[in-house]
Amino acid sequence: MSNETLQAVRGMNDILPDEAELWLWFEEEVRDWLHSYGYRNIRMPLVEPTALFKRAIGEVTDIVEKEMYSFEDALNGDHLTLRPEGTASCARAVLQHNLLYNAPQRLYYSGPMFRHERPQKGRYRQFHQVGVEALGFAGPDIDAEQILMCARLWSKLGLRDVTLQLNTLGDTASRHRHRAKLISYFEQHRDMLDADATRRLHSNPLRILDSKNPAMQELIAAAPRLADELEEDALRHFDEVQAMLRRHDVAFEINPSLVRGLDYYNRTVFEWVTASLGAQGTICAGGRYDGLVEQVGGKPAPATGFAMGVERLLALLQEDGMVLPKPEVDVYVVHQGELAGQLASKVAEQLRDDRLRVLLHCGGGSFKSQMKKADASGASVAVVIGDDEAQANEASVKPMQGGDQVRVSVQTLVATVNKLIK
Ligand code: HAM
């Protein structure tokens, strides 16, 4: 067996304690924010049947074609996939447990997602999303509310330099008309298509519009526009979303080429982008997906949602100079001798009963070296127990910021420590 040092899988990151502090803080902020809009938590498995993502996200998308971690269960041959996103799983769960048809649902989830992309700054193979889904709502009010929610979170987190891009994809009929026109347009200019575009011509011509190939930009710019095919209902829906955003002073930019990389969207789509993170500047994205519930096997139900990329958001916060104070330790318990050790561990539990944050020294060493550790821990108070104290069922308490050491009985220790901390 080789004994070379093992590394994490490429594109999958460890989140070390200093950084995890920021994650914990962020998760708490986000939870409060979600609850203030009445969203409830749902937790789905990380692994789903591959067929779910093929059906929901679309067979001819980058995610399904080349980015999914799919495998066959060696024990029973099932075709499984590590989830590349949460919307499909959420719709599946809501259907499976019949949550939807009695009352609409406002739901959120968070956790790792997996996509086999080329790793770079802001783009990972395991990354984390907070996903927010409202199922059973048809009107433009919920689209606008979800966008407003995002705006509120950015301001709560103190994020600057985030802008909103907005578009409408219309409904099925207009998209079919547009698709047919695109196919015929690109067929007329077949000689100008690259290999990718030729492959997608009949399966997903809309994705050709996303091509970054400079040689095709002129062709793409002159292609038939979805905006010319939109029905009145979809246009009115979009107008109302915009009017609501204006009423709340949420600035946006209409971007007609915003189509999203997942096939389930219709009507409103949006992305929040920043220029501060380089190429991976989309921190949050989503939109309406009225066809998805039916596509995964349910009765039709309107829905809309979005997901933010946690790594990108935290990178932006750090870019903006965010630093968090280290978590505080209230008490460091120093002890020497067998009896003292036993009492110290009892005393530490007693202090924790009173909700204090306590580090009990482990690993022996002289009083002097233990006191150095107490100092480095940032604790406000050291509790010192030697055999002398242990025999008398007492402990010494020393304020770390200066002040006299006092010796008290174990019964009054908690009160003494609390007084010194306050
Ligand atoms: P998405 O645009 O694929 O949408 O991903 C949402 C966000 O996840 C992106 O804007 C980005 O911040 C983050 N993200 C995506 N891929 C990566 C990656 N490889 N590394 C780091 N961050 C990444 C969805 O997933 C939809 N499910 C959103 C949605 C919810 N639509 C309706 N409901």
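**Reading rings and a helix in a predicted model**

Student: Which residue lies over the face of Tyr101, and at what distance from the ring centre?

Tutor: Lys299 lies over the face of Tyr101, 4.5 Å from the ring centre. A charge sits over a ring if NZ of Lys or CZ of Arg is within 6 Å of the ring centre and within 35 degrees of the ring normal. This is a predicted model, in which local features need pLDDT of at least 70 and side-chain atom pairs count only at pLDDT 80 or more, while totals for chains, interfaces and linings use all residues. Residues are numbered from 1 along each chain as its sequence is written, and side-chain values use heavy atoms, with hydrogens and water left out.

Student: How many aromatic pairs does the structure hold?

Tutor: A pair of aromatic rings is described by the distance of the centres and the angle of the planes. The structure holds six aromatic pairs (rings of Phe, Tyr and Trp, its six-membered ring, with centres within 6.5 Å; planes under 30 degrees apart are stacked, over 60 edge-to-face, the rest tilted). In one of them, Trp33 and Phe306 have ring centres 6.5 Å apart and planes at 55 degrees, so this pair is tilted. Trp33 is in helix α1 (residues 17–36) and Phe306 in strand β11 (residues 303–309), so the pair links parts of the chain 273 residues apart (helices, H or I of at least four residues, and strands, E of at least two, are DSSP runs numbered from the N terminus). Trp33 and Phe306 form one aromatic cluster with Phe270.

Student: Are Trp33 and Phe306 buried or exposed?

Tutor: Both are buried (under 20% relative accessible area; exposed is over 50%, partly exposed in between, with a 1.4 Å probe and protein chains only).

Student: Which residues of α1 are buried?

Tutor: Besides Trp33, the buried residues of α1 are Leu22, Trp23, Phe26, Glu29, Val30 and Leu34. Seen down the axis of α1, the buried residues fall within an arc of 135 degrees (taken from the directions from the helix axis to the C-beta atoms), so they line one face of the helix. The face turned away from that buried side carries the exposed residues Pro17, Leu24 and Glu28.

Student: What do the buried residues of α1 pack against?

Tutor: They pack against β5 (105–114), β6 (126–135), α5 (140–157), β11 and α11 (310–319). Just after α1, Gly38 takes a positive phi of about 75 degrees.

Student: How many helices and strands are there in the protein chain?

Tutor: The protein chain has 15 helices and 16 strands. Of its 422 residues, 48% count as buried.

Definitions and conventions:
Contact = heavy atoms within 4.5 Å.
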